[in-house]
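This report covers selected helices, side-chain contacts and ring pairs. The sequence and model come first.

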Amino acid sequence: MSRRRPHEEDDGYDRAYRKRRKVSENQEIEDRLESLILRVGEKSTSSLESNLEGLASVLEADLSTFRAKILRILTDCAIRMPEKCTIYTTLVGLLNAKNFNFGGEFVEYMVKMFKESLKGCKWDVARYALRFLADLVNCHVISASSLLQLLDNMIDTANEDNVPQVRRDWYVFAILSTLPWVGRELYEKKEKALEHLLVQIEVFLNKRTKKHHNALRVWAVDTPHPQEEYLDCLWSQIRKLRQDNWAEKHIPRPYLAFDSILCEALQHNLPSIIPPPHHDSYQYPMPWVVFRLFDYTDCPEGPILPGAHSIERFLIEEHLHSIIEMYHLERKDCAAHLLNFPYKLKIPLEYCIVEVIFAELFHMPTPRYIEIAYGAMLIELCKLQPSTMPQVLAQATEMLFMRIDTMNVSCFDRFVSWFSYHLSNFQFRWSWEDWDSCLTLDDDHPKPKFIRETMLKCLRLSYHQRIREILPESFSKFIPAKPDTDYKYAQDGAGGITLEIICRFTI
């Protein structure tokens, strides 16, 4: 019998193989966990509640080995998929009920991300992190009193002196945009503290200056829709929500199915969070005016368009804007995701999409993305939904044309560019006879000027004979002059010019 130890006979290959195999197995498990977390909430044969319960059990079993990985994935999902906020807060709530220490670590991780995003001027990330922390109150992970303390600190920041107004506006906007998620819970548990917070916000809004409002308007008049400054509009929507006892109909709340489990879990208190002071290098989001094109009377029979001051209108528009932000570089993906909006059966989706895209296109002083991106989105939407989208878009175009008299000049130019581009992609077909009222107007009136400018743009996208064919005879005065070559050496008296040039070269 050999007295050599086993490791002395091993040449190292087996150890290396076992190590690689272990790393490979761990990587496979991590990839599987990441896939499960990312896909939760998607269409499945099982209910969302059963999927969440099963996923929570799987993650809880793997916490000892993959704790850091799970923390990172959940935090990334909270920020990068804000539309699934309540799904992930429910998952964190179930994990907190099973493992209190993990719940505390996750809260610390989110607080750290919130602080870093404020320092790094990542304002959307900070707002999504604040929303997630607020929704954790609904899941009994965070105490309501500690969240209110954070919101009070943010109000104190908004009331600072000698700082830009855009900084103060953002902190108030972040609070108001978070209240739809947690307002009901705060109303039931901390009503007086919530009312005190709202009073402070109202005082701030009453003292706030709005010199920028007129410069950011699309139209010079408030008919048929008032052009509200964004904070004023959101404040009106929050007041309406408060009148409805903080009950809204848009946010899914899967944690209600687990209330008996979540209410028994221990809660964590947020640490004291003081927003970082202002620095001259900080860039803040600019204000805007809320664009309104449709109301419920413009939509045919079917789902009713939420009112301008209903919180559902804000939540729907914010969700659609985030889809455009995520997919604007891929027009086909963007159109598909817009039409697959999760709550499309409850709203007139095509009207909401068209209004949001025109809101982006007419955003002052400049759109978020290049103008042709919005035109490409609308073309794809018409291709994917040919039964309804072209009609809604035609209706929107008619409404814009009817209100063009008071349209901002910059928006007028964008309207011309979009309309000519859209016509060029649909064989230049349009019911021009519906606009024959502009034939009797002065040539400098915005309506005939719009048609003339559109034809000039169309000429660049086609050719003169095609423009003559698309317009009816009565609109002949809007046909641009036929472009022709201007060869100066063929003109009368050009011989002397040619002789002069020859002499110069000869010398």
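## Annotated region and basis

Helices (H or I, at least four residues) and strands (E, at least two) are DSSP runs, numbered from the N terminus. An unreviewed UniProt entry places the feature "domain: MIF4G" at residues 30-242; UniProt positions follow the numbering used here, feature names are shortened, and annotations may be inferred rather than shown by experiment.

The model is predicted: local features need pLDDT of at least 70, and side-chain atom pairs count only at pLDDT 80 or more, while totals for chains, interfaces and linings use all residues. Residues are numbered from 1 along each chain as its sequence is written, and side-chain values use heavy atoms, with hydrogens and water left out.

His212 is in the loop between α9 (191-207) and α10 (230-243). Its relative accessibility is 18%, so His212 counts as buried (buried is under 20% relative accessible area, exposed over 50%, partly exposed in between, with a 1.4 Å probe and protein chains only). Leaving out residues up to four places away in sequence, His212 touches Gln165, Glu229 and Pro287, where contact means heavy atoms within 4.5 Å. With the side chain of Glu229, the His212 side chain makes a polar contact of 2.8 Å. A polar contact is a pair of N or O atoms within 3.5 Å; within protein, one must be able to donate a hydrogen and the other to accept it, and residues adjacent in sequence count only if both atoms are side-chain atoms.

Lys240 lies in helix α10 and is partly exposed, at 36% relative accessibility. Lys240 and Ile311 are 71 residues apart in sequence, with their C-alpha atoms 7.5 Å apart in space.

## Aromatic pairs and charges over rings

The whole structure holds 31 aromatic pairs. Rings of Phe, Tyr and Trp (its six-membered ring) pair if their centres lie within 6.5 Å; planes under 30 degrees apart count as stacked, over 60 as edge-to-face and the rest as tilted. Phe106 and Phe132 form a tilted pair, because their ring centres are 5.8 Å apart and their planes are at 55°. Phe106 belongs to helix α5 (residues 100-119) and Phe132 to helix α6 (residues 123-138), so the pair ties together parts 26 residues apart in sequence. Phe106 is buried at a relative accessible area of 0%, and Phe132 is buried at 0% relative accessibility.

Phe358 and Trp418 are edge-to-face, with ring centres 5.2 Å apart and planes at 85°. Phe358 lies in helix α14 (residues 349-361) and Trp418 in helix α17 (residues 409-424), so this pair ties together parts 60 residues apart in sequence. Arg131 lies over the face of Trp181, 4.1 Å from the ring centre, and Arg403 over that of Trp219, at 5.9 Å. A charge sits over a ring if NZ of Lys or CZ of Arg is within 6 Å of the ring centre and within 35 degrees of the ring normal.

α14 has 13 residues and spans 18 Å from first C-alpha to last, close to the 18 Å expected; the expected span is 1.5 Å times one less than the number of residues.

α17 has 16 residues and reaches 23 Å, close to the expected 22 Å. Its buried residues include Cys411, Phe415, Trp418 and His422, and the buried residues of α17 pack against α14, α15 (371-384), α16 (389-402) and α18 (446-461). At the start of α17, a side-chain oxygen of Asn408 comes to within 2.8 Å of the backbone nitrogen of Ser410.
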